[in-house]
Amino acid sequence: MNRIFIITFATISMMMSLVGYAQKDDSEKKHFNREAFLAKRNAFIIAEVGLTPQEAEKFIPLCNELQDKKFELGRECRKLSREMFKKKDPTDAEYAKIVDDFLNLRIEEAKLDKVYFEKFKKILSPEKLFKYQMAEGKFARNFMRGGPKGEKEEFKK
């Protein structure tokens, strides 16, 4: 009897602590610190690409500017999605329009990439530009695995 009570108590205690831990994680995920994210991303890019201080001084502000513009395009996509989800029984024409709008936003993003990569070419060698592209993808994959707080501090090389 005593044993059953202890096992039951221990099990309930562990479950309660897990629920509390899960709730804590959910509340932390709601507060995204953009400045900390950018600092981590920029440090990662500088290290992965092997930027000199002079290159980083010129390149990182441009890189951040590009990311800000891409974020705005993404915001527009999210706005269109929210509007579509609010509609009751959207028509095929409305679906076709939003698909076209999404495609046009992706084309705009590609145009932004082209414009900024021309600017990047004036700062970085082709090798470093390639490494930058790879570093962006690598950071995004690692970030998604580690969550918004970047729980996985060490990114795999």
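At what angle do helix α2 and helix α3 pack, and how far apart are their axes?

Author: The model is a predicted one, and what follows describes that model. Helix α2 covers residues 34-49 and helix α3 covers residues 53-86. The two pack at an angle of about 130 degrees, and their axes lie 11 Å apart. That angle makes α2 oblique to α3. The crossing of these two helices is right-handed.

The residues that form this contact can be named on both sides. From α2 come R34, L38, R41, N42, I45 and I46. On the side of α3 they meet A56, F59, I60, C63, N64, Q67, D68 and F71. Sorted by class, the residues of the contact of α2 with α3 comprise 8 nonpolar, 3 polar and 3 charged.

Helix α2 also packs against helix α5, which spans residues 126-146. Here the angle is about 135 degrees and the axes are 9 Å apart. The helices α2 and α5 are therefore oblique to each other. The crossing of α2 past α5 is right-handed. In this second contact, α2 contributes F37, K40, R41, F44, I45, E48 and V49. Their counterparts in α5 are K128, K131, Y132, A135, E136, K138, F139, N142 and F143. By class, the contact of α2 with α5 holds 8 nonpolar, 1 polar and 7 charged residues.

Two residues of α2 deserve mention under both headings. R41 and I45 belong to the set that meets α3, and R41 and I45 also belong to the set that meets α5.

F37 has its place in helix α2. Leaving aside neighbours within four places in sequence, F37 is in contact with F32, F139 and F143. The pair F37 and F143 is separated by 106 residues in sequence, while the C-alpha to C-alpha distance in space is 9.3 Å. Q133 lies in helix α5. With a relative accessible area of 39%, Q133 is partly exposed. Q133 and I45 are 88 residues apart in sequence, and their C-alpha atoms are 9.4 Å apart in space.

α3 and α4 pack at an angle of about 180 degrees, with 11 Å between their axes. That makes α3 roughly antiparallel to α4. The residues of the contact of α3 with α4 fall into 15 nonpolar, 1 polar and 10 charged.

Within helix α4, which runs over residues 92-121, one finds L105. L105 is buried, since its relative accessible area is 13%, and the cut-off for burial is under 20%. Apart from neighbours within four places in sequence, L105 is in contact with L73, E76, C77 and L80. One of these, C77, stands 28 residues from L105 in sequence and 7.4 Å from L105 in space, C-alpha to C-alpha.

The loop between α3 and α4 contains D89. Most residues other than glycine have a negative phi. D89 has a positive phi of about 50 degrees, although D89 is not a glycine. At 72% relative accessibility, D89 counts as exposed, in contrast to L105, which is buried.

The wider setting may now be given. The secondary structure of the protein chain consists of 5 helices and 0 strands. Along the sequence, the pattern is α-α-α-α-α. Of the 157 residues in the protein chain, 28% are buried. Among contacts with a separation of 6 or more, 68% are between residues 24 or more positions apart.

To return to the part requested, α2 packs against α3 at about 130 degrees and against α5 at about 135 degrees. The crossing of α2 with α3 is right-handed, and so is the crossing of α2 with α5.

Note on methods:
Residues are numbered from 1 along each chain as its sequence is written. This is a predicted model: local features need pLDDT of at least 70, side-chain atom pairs count only at pLDDT 80 or more; totals for chains, interfaces and linings use all residues. Side-chain values use heavy atoms; hydrogens and water are left out. Axes are lines fitted to C-alpha atoms, for helices over the stretch in contact, and angles run from 0 to 180 degrees between N-to-C directions. Helices (H or I, at least four residues) and strands (E, at least two) are DSSP runs, numbered from the N terminus. Angles under 35 degrees count as roughly parallel, over 145 as roughly antiparallel, 65 to 115 as roughly perpendicular and the rest as oblique. A crossing is left-handed if the near helix is turned anticlockwise from the far one by less than a right angle, and right-handed if clockwise. Contact means heavy atoms within 4.5 Å. Ala, Val, Leu, Ile, Met, Phe, Trp, Tyr, Cys and Pro count as nonpolar, Asp, Glu, Lys and Arg as charged, and the others, Gly among them, as polar. Buried means under 20% relative accessible area, exposed over 50%, partly exposed in between (1.4 Å probe, protein chains only).
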